[in-house]
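Take a look at the model below. Then read on for a short tour of some of its parts.

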Amino acid sequence: MKFSREQYIFLAAGVAILVAGSIGIYSFMNQDPYEGLVTHVEVQSDEGLRTLAEQRIATAQASLQAATDAGEELNTDLYNAIASDALLLGDLVLARESLESSLSYNSLNGTTWSSYAYTLLSMQDYENAKSAYLRAVEITPMEATYRDAIRILTQHFPEEREKVKELYEDSVDLLGQKMFNMLGLANWYADAGDCDRAESHFDVAEDLSTSDDIRQQVVDEKEAALLVCKEFEG
């Protein structure tokens with residue numbers, strides 16, 4: 001069977017497309033989902049603790065697999081236990097994937113979201129870590145979760161200043177006036193050049209001081225912040 005020149009051209013083009021498509025599918029299926037991220041960190045722990053953590057991980061994984069094979073209900077707390085031991089070993093991928101498995105069964109566990117956010121932050125997956133910290137705040141609005149969410153926004157997302165203010169204000173509404181949110185708002189307003197509001201929040205923080213040393217630290221911080229604020233205002 002003979003082919004015309006045009007048929008050869010179409011055939012060659014078809015083969016090229018098929019090869020390119022196959023290469024693309026292979027690359028997609030074999031790409032590293034954690035490329036560019038930190039996957040392991042060095043941790044300070046003695047050999048005995050590392051061995052114990054490895055044994056506990058193996059035992060928990062075997063228990064989960066046995067339950068899966070038997071069609072039994074899983075003890076999903078084991079995923080959190082595996083993640084905790086993985087972090088002791090510096091294995092961020094195992095910790096992340098274990099926490100993701102845990103959240104797939106219970107997405108309303110604020111402690112798990114906080115651990116997940118910490119793991120993502122350690123991997124330098126900042127965007128996903130931010131989302132996880134904010135989710136932790138939604139589920140468990142307490143001082144620690146607010147602090148964590150505000151910290152990642154301040155350190156890695158400086159353009160989200162309004163979100164920082166919103167979190168501080170939400171914490172005041174839900175938790176009341178605390179040293180951390182009063183000082184946080186005071187410094188936020190000082191940085192924004194609103195010296196009067198900054199001063200009023202510093203004054204509240206000063207009133208909340210539980211010792212003379214803490215009160216003096218607040219006073220020193222207030223004086224330094226207001227000095228810069230008034231220069232900015234002027």
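The model is predicted.

## Helix 5 against helix 6

Two packed helices are described by the angle between their axes and the distance between the axes. Helix 5 spans residues 110-122, and helix 6 spans residues 126-139. They pack at an angle of about 160°, with their axes 8 Å apart. Angles over 145 degrees count as roughly antiparallel, and helix 5 and helix 6 are therefore roughly antiparallel to each other. The crossing is left-handed.

Which residues meet? On the helix 5 side they include Trp 113, Tyr 116 and Leu 120. On the helix 6 side they include Ala 129, Tyr 133 and Ile 139. The residues of this contact divide into twelve nonpolar, three polar and one charged.

## The loop between them

Gln 124 sits in the loop between helix 5 and helix 6. Its phi is near 65°, a positive value in a residue other than glycine. Gln 124 is partly exposed, with a relative accessible area of 43%.

## Salt bridges

The count comes to 14 salt bridges. One of them joins the side chains of Asp 85 and Arg 56, at 2.6 Å from N to O. Asp 85 lies in helix 3 (residues 77-89) and Arg 56 in helix 2 (residues 47-70), so this pair ties together parts that are 29 residues apart in sequence. Asp 85 is buried, at 6% relative accessible area. Arg 56 is partly exposed, at 37%.

Lys 130 and Glu 127 meet at 3.2 Å, N to O. Both lie in helix 6, three residues apart, about one turn of the helix. Lys 130 is buried at 10%, while Glu 127 is partly exposed at 45%. Arg 151 and Asp 148 meet at 2.9 Å, N to O. They are three residues apart in helix 7 (residues 143-156), so about one helical turn separates them. Arg 151 is partly exposed at 39% relative accessibility, and Asp 148 is partly exposed at 23%. Salt bridges that share partners also join Arg 96, Glu 100 and Asp 125 into one network.

## Buried or exposed?

Is Ser 102 buried or exposed? Its relative accessible area is 6%, and under 20% means buried, so Ser 102 is buried. Ser 102 belongs to helix 4 (residues 92-105). Not counting residues up to four places away in sequence, Ser 102 touches Thr 76, Tyr 79, Asn 80 and Thr 112.

Leu 227 lies in helix 11 (residues 212-233). At 55% relative accessibility, Leu 227 counts as exposed.

Technical notes
Residues are numbered from 1 along each chain as its sequence is written. This is a predicted model: local features need pLDDT of at least 70, side-chain atom pairs count only at pLDDT 80 or more; totals for chains, interfaces and linings use all residues. Side-chain values use heavy atoms; hydrogens and water are left out. Axes are lines fitted to C-alpha atoms, for helices over the stretch in contact, and angles run from 0 to 180 degrees between N-to-C directions. Helices (H or I, at least four residues) and strands (E, at least two) are DSSP runs, numbered from the N terminus. Angles under 35 degrees count as roughly parallel, over 145 as roughly antiparallel, 65 to 115 as roughly perpendicular and the rest as oblique. A crossing is left-handed if the near helix is turned anticlockwise from the far one by less than a right angle, and right-handed if clockwise. Contact means heavy atoms within 4.5 Å. Ala, Val, Leu, Ile, Met, Phe, Trp, Tyr, Cys and Pro count as nonpolar, Asp, Glu, Lys and Arg as charged, and the others, Gly among them, as polar. Buried means under 20% relative accessible area, exposed over 50%, partly exposed in between (1.4 Å probe, protein chains only). A salt bridge is a side-chain nitrogen of Lys or Arg within 4 Å of a carboxyl oxygen of Asp or Glu.
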